[in-house]
Amino acid sequence: MVVLNQAKRLELLEKLVAIPSVNDHEQDVAQFLHKYLAKYGISSQLVQVAPDRACLVAQIGTGTPCLALAGHLDVVAATASAWQSDPFVLTERNEKLYGRGASDMKAGVAALVIALIELVHAKKLPKGQVRLLLTVGEEMEQAGSKLLYEQGYMQDVDALLIAEPTDLKVAYAYKGSMDISVISRGKSAHSSMPEQGYNALEPLIEFLYQTKKAFLKAAKPDELLGNATFNATVLKAGSQVNSLPERATAEINVRTTPTVDNEKVQALIELWKNKLNDTGLSLQLQLI
């Protein structure tokens, strides 16, 4: 017997989308699901990551093997003006459901929760355990998955199923991700007298140009995952147009593959940092 019919499943997704867990406010979702699972006899616990940020862990069954079901509670930012409807109200249009996180990945989270409930009530777990791991910060810094790993929640896991949207196809490999912060330091001066200062933005731009150029030259496609990618996504410098910035920062996201792994990327950016610093610049790198 099905415990949650189609209407109840859609209602769960609707309530999850309505909670605006943009980047760093996931605790409300975790608390909602904690109470929701309890209604169906499933105990769970919140694992605090930071104020207003908590992962959710639930488990059914005992022993081995252990199958982990994973998803993330955060969503990317939503600008209301870019939407045809309220991003935090699940809306049906042309036989599709729209809402921030409706695909990535409140629907995946709902599916995992529903699966857990149905398994318990159907009593179809003859051997082993199923562990639900819902994390914070996947869209940004992976703080939740890192903490759960450090606390041992993955130690006895035999297989991991992640409910990310993949066009209903099973994806068994994924590119890695590196986030790199670059800081350039200069000396502030009025733009009418640039010789009295040093524009921190200019060497940073040169660094981004040279590292991207070198990356594209070195990148070799992986047979399964295709090309690694290198993108500067956040650039900050200066506060007013007529003053040279004394500090400039850039954030870079690299998606790695076995043919272009973390070590190769780090060696490449260190190489160009040192080359440019040898000319008298002041560039600092930090993995974030």
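**Opening question**

In which sense do strands β8 and β10 pair, and over how many bridges? Strand β8 and strand β10 (residues 247-256) pair in the antiparallel sense over 10 bridges. Two strands count as paired if DSSP finds at least two bridges between them.

**About the model**

This is a predicted model: local features need pLDDT of at least 70, side-chain atom pairs count only at pLDDT 80 or more, and totals for chains, interfaces and linings use all residues. Residues are numbered from 1 along each chain as its sequence is written, and side-chain values use heavy atoms, with hydrogens and water left out.

**Overall build**

The protein has six helices and 11 strands. Helices (H or I, at least four residues) and strands (E, at least two) are DSSP runs, numbered from the N terminus. The C-alpha atoms fill a box of roughly 75 × 40 × 35 Å, taken along the principal axes.

The protein has 288 residues, and 39% of them count as buried. Buried means under 20% relative accessible area, exposed over 50%, and partly exposed in between (1.4 Å probe, protein chains only).

**Strands β8 and β10**

Strand β8 covers residues 176-185. Seven of its 10 residues are buried, so β8 is largely enclosed by the rest of the structure. S184 stands opposite A248 in β10.

R255 also belongs to β10. R255 is partly exposed, with a relative accessible area of 28%.

Strand β2 (residues 53-62) is mostly covered, with seven of its 10 residues buried. Strand β1 (residues 44-50) pairs with β2 in the antiparallel sense over six bridges. S44 stands opposite A58 in β2. The hairpin of β1 and β2 has two residues between the strands, and D52 takes a positive phi near 70° there.

Strand β2 also pairs with β6, in the antiparallel sense over seven bridges. Here the bridge partner of A58 is L132 in β6.

**The largest pocket**

Rolling a probe the size of a water molecule over the atoms shows where empty space is left. The largest pocket holds about 2,000 Å³ of space. Its lining has 50 residues, and the closest to its centre are H72, E138, I162, E164 and Y174. Several elements give two or more residues to this lining, among them α3 (106-122), α4 (143-150), β8 and β10. By class, the lining has 25 nonpolar, 13 polar and 12 charged residues.

A pocket is an open set of points on a 1 Å grid over the protein atoms alone, where a 1.4 Å probe fits, with protein on both sides within 12 Å along at least five of seven lines; lining residues have an atom within 4 Å of a point. Grid points are joined across faces, edges and corners, and the volume is the space filled by probe spheres set on the points. Ala, Val, Leu, Ile, Met, Phe, Trp, Tyr, Cys and Pro count as nonpolar, Asp, Glu, Lys and Arg as charged, and the others, Gly among them, as polar.

Helix α1 (residues 6-18) has 13 residues. It reaches 18 Å from its first C-alpha to its last, close to the 18 Å expected at 1.5 Å a residue. The expected span is 1.5 Å times one less than the number of residues. The buried residues of α1 are L12, L13, L16 and V17. They cover an arc of only 130° around the axis, which puts them on the same side of α1. The arc is that of the directions from the helix axis to the C-beta atoms.
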